[in-house]
Amino acid sequence: MAERWILHADMDAFFASIEQRDRPELRGKPVIVGATSPRGVVAAASYEARIFGVRSAMPGFRARELCPHGIFVASDIEKYAGVSAEVHAVFAEVTPEIEPVALDEAFLEITGSVGLFGGPVELARFLKRRVREAVDLPISVGLGPTKQVAKIACTLGKPDGLLLVPPEAVRWMLDPLSVRRIWGIGPVLGDKLERFGIRTIAQLAAFDPRTLERELGARGQELQALARGEDPRAVVSERDPKSYGEENTFERDVLDREIVSAALTSHAEAVARRLRHDGFRGRVATLKVKLGTRSGLRAPRVAGQDAEPVYPLLTRRKSLLDPTDDGASIRRTALELWDALALDEPVRLLGLSLSGLEATDRAQLDLFASPRAPDRLGPALDAIQERFGRGAIHRAVDDPGKITPGMRKKRGQ
């Protein structure tokens, strides 16, 4: 039986690297993508900015405190998605079994391909060279017999690295690492394990399994298996999405229903457009609201960084009678959920998502449902925007003056 090989590929500081590639004056400088408004969040940071502790998902004000001379650049997600598509086309040159994790990373099952390239290292070198030729960007790769080993190897090899871990070296690599390196162990679980004296992966692998099962249930067995290097998870190349969502953080806390309506209109249309593009409809709408008043709690502390404030998060959902990809229907449901909340304090973030998805070409017909006219407006809007740009046409809101700069950016205005 052929030795199993999985490759984890991860672009280095992807969004920031694209900006440095396209703007030579930014090369070698601390570039921070996103967080261009007071309420913004860091989408990516170049390695020059990471030296100062800046990381993705960090609030913009904190990034400015850590790196006051950083260069903040607005996100251009459409450009990044285009580059991502080029990179994934290169992945397809070495194997058809690709499991995307995000725009900038993926798992590749290469067991059946290594013989064509002369071995796993030769395949990885070919992949790195082809990505550089295609998009002029660095990529790190890790190779191992399991997904977890490949991912950790990729992380250890960054930036622009290539690290192979053969089966006989798995425990040698894993044992001294922090237990927090294991997939699925976050700050809360990591703290709990440390209270048991478990700080390294070797300590987790050797810990009394009965105690671990008593404290963590079946999860304890799974984590201990991962600590021993056992990971049966396969690369899943054809995986349908679970949901589609959009959200934005307001530059100032809002409660004005017209502003909320404008935001939810923008989100609903964006979600509907993505659903139609990918051939899905959804039947469960979820409204996400983050209040503007801090709760007094603080998020778990990351090593070397101050704990960040926590804002109360509310979610409300509603199941639709029929699955939909229509922006007007999604917006109407979202506003019903908002009105039902009856909030008397302003919010800093609004999000909207649709789940319970089914493929449009596999939709179940209802024998007793009254016939509905096909939605022609959505596809017509898509066609116009595809030809003339995102800002060419959009659904009207009650007061155009209520549209925030963030929403205008999403619409391409």
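The model is predicted. Mean pLDDT for the protein chain is 86, and 83% of the residues reach at least 70. Among the elements, strand E7, residues 139–144, has the highest mean pLDDT at 97, while helix H16, residues 405–411, has the lowest at 47. Over residues 400–405 the pLDDT is below 50, and that stretch has 13 contacts in the model beyond near neighbours in sequence. Residues 407–413 also stay under 50, with 27 contacts beyond four places in sequence.

Next, the cores. The largest nonpolar core has 34 residues, and the members touching the most others are Leu7, Met11, Phe91, Leu108, Ile110 and Leu127. Elements giving two or more residues to this core include strand E1, helix H1, helix H4, H6 and E7. Take Leu108: leaving out residues up to four places away in sequence, its contacts include Trp5, Leu7, Phe91, Ile98, Leu127 and Val235. There is also a second, separate core of 27 residues, with Tyr244, Val254, Ala268 and Leu275 among them.

Now helix H6, residues 120–135. At 1.5 Å a residue its 16 residues should span 22 Å, and the end C-alpha atoms lie 23 Å apart, so the two agree. Which residues of H6 are buried? They are Pro120, Leu123, Ala124, Leu127, Lys128, Val131 and Val135. These cover an arc of only 135° around the axis, so they sit on the same side of H6. On the face turned away from that buried side are the exposed residues Arg125 and Glu133. Just after H6, Asp136 has a positive phi of about 55°.

Technical notes:
Residues are numbered from 1 along each chain as its sequence is written. This is a predicted model: local features need pLDDT of at least 70, side-chain atom pairs count only at pLDDT 80 or more; totals for chains, interfaces and linings use all residues. Side-chain values use heavy atoms; hydrogens and water are left out. Helices (H or I, at least four residues) and strands (E, at least two) are DSSP runs, numbered from the N terminus. The expected span of a helix is 1.5 Å times one less than its number of residues. Buried means under 20% relative accessible area, exposed over 50%, partly exposed in between (1.4 Å probe, protein chains only). The arc is that of the directions from the helix axis to the C-beta atoms. pLDDT is the predictor's confidence in each residue, from 0 to 100. Contact means heavy atoms within 4.5 Å. A nonpolar core is a set of buried Ala, Val, Leu, Ile, Met, Phe, Trp, Tyr and Cys residues joined through side-chain atoms within 4.5 Å.
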